Amino acid sequence: MKVIKSSQIRDAVSRLWGEANFELPGDIIDALRKASRTETSPAAREVIARIVENASIAARDRIPICQDTGVPIVFVRIGRDIRIEGNMVQAIARGVRQATKQEFLRASMVNDPIERVNTGDNTPPVIHVDSEPGSKLRILVAAKGAGSENMSAVKMLKPTEGEKEIMAFVLETVKAAGAKSCPPLVVGVGIGGTFEKAAMMAKLACLRPLNRDKSTGTTRFEQKLFGEINNLGIGPAGFGGKTTALAVNVERYGCHIASLPVAVALNCHAVRRKETVLQ
Amino acid sequence: MKISTPLTREIVSGLHAGDRVSISGRVLGARDAAHKKLAELLASGKGLPCELHGQVIYYVGPTPPRPGQAIGSAGPTTSSRMDEYTPALLEAGLRGTLGKGQRSERVVQACVKYQAVYFAAIGGIGAFLSRRITSARVIAYKELGTEALWEFQFDDFPAIVINDIYGEDWYRSQAGTGKDAAGTRQRRDSQ
């Protein structure tokens, strides 16, 4: 059985969480450039140009893309033929602590939602664990800003409702977010499952890479949502324009005969995610 | 349009929703926790740790600077979380606020009543904006960390006027969701 030491996990989380905050993913930069070509409003084009310029300053000078260096969200997929030596949860927290200090990240987490004392080191991270076949350990680290997190929403629709009502809820959520969520957004929609399953699917959907191959390309419903969201006119930074969303990703799952859960997870244009595989 | 702080009545009367501005001079910084403290002081009639007359508050919680830099990443945070505290601060003499996103109707009206302006900067470009801030120091509430009360020196910091002293709202007119969106645009075009 393959052994992975918790110290390897700590170092991987530390590196990924730092890098996520300095390096905007290439697929996001490509989507921004593409969006800029379709914009006719000078204000919208200027905002997109500033976002791209900001990304290059951040990567060059290792200064965070955004001052809100985010909630550290760590998704771990553990291969079933792996044994982890040591405490994985503690190792992840140590990785977050290490990068916060070494990379001059902002301390944005409090110990408790009511007491609200800043922990000073961005702990506790939010950790999601899953398993898969094989002997690899996959780690995805997302730095999630609160501006867009605060405007995300879950709604339990009636089972007799459908695409029309889902679309209305997605549009209502994006509209209420306005400029607060720092558009252009990546919108993740989770449909089905249960209350928490829908939220989890939506979150993973808004972290999904935009450059998927054609075989798994966007669905008709995703394209329809994308078109409607971009007709809202909110635009980059809320300054007006055609680019309110860079992409809409939808995930679906079976659900109860009495339920139709829908979750909408919003990600600002500063989509910060980094992945690695330990083996 | 280049403007310098402190903001006078004359400066704010020349600012209209949709105007692009570059702000230079001394600007205060505060977000949620510092606002709560300032509001408590105002409500109890105690003195504030800083003078507000003609000042601008930037809603920001910067990242720590790397050695040799004035400030870390420093973009705007969501302004609406400060809405409940803003009218009292404007009444106390504050002339401008700077953040991102729409304000409540109460704040829009308070901007008219107290002759103050709400500016927005582009969110999520804190690395870029940090280059327009030449100095940063904590003037109160150091224990709050990034949420302390700050004093910055701005050098051509880019922003846009969202709410002016005439009651106009640039976000609403852009997104076309405001009642008088078309009217606002026409008036602006004819200026």
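How many bridges join strand β5 (residues 137-144) of chain A to β10(A), and in which direction do the two run? Seven bridges join them, and they run antiparallel. Welcome to a predicted model, in which local features need pLDDT of at least 70 and side-chain atom pairs count only at pLDDT 80 or more, while totals for chains, interfaces and linings use all residues. Residues are numbered from 1 along each chain as its sequence is written, with chains lettered from A and ligands numbered from 1 in the order in which they are written.

**Confidence**
- The model scores ipTM 0.93 and pTM 0.92.
- Chain B has an average pLDDT (the predictor's confidence in each residue, from 0 to 100) of 91, and 91% of its residues score at least 70.
- Take some care with residues 176-191 of chain B, where the pLDDT is below 50; this stretch has twelve contacts in the model beyond near neighbours in sequence. Two residues are in contact if their C-beta atoms, placed from the backbone, lie within 7 Å.

**Where the chains meet**
- On chain B, 33 residues are in contact with 36 residues of chain A.
- Two or more residues each come from α5 (126-130) and α6 (170-175) of chain B; helices here are DSSP runs of H or I with at least four residues, strands are runs of E with at least two, and both are numbered from the N terminus.
- The most comes from α5(B), with four residues.

**First sheet of chain A**
- Four strands make an open, mixed sheet in the order β4-β2-β5-β10; two strands pair if DSSP finds at least two bridges between them.
- β4 (126-132) and β10 (272-278) of chain A are the edge strands, each with a single partner, so one side of each has no neighbour in the sheet.
- From one strand to the next, the twist averages 15 degrees.
- A:Leu137 has A:Leu278 in β10(A) as its bridge partner.

- β6(A) is joined by five bridges to β9 (residues 260-267) of chain A, and the two run antiparallel.
- In β9(A), A:Val264 is the bridge partner of A:Ala153.
- Axes are lines fitted to C-alpha atoms, for helices over the stretch in contact, and angles run from 0 to 180 degrees between N-to-C directions.
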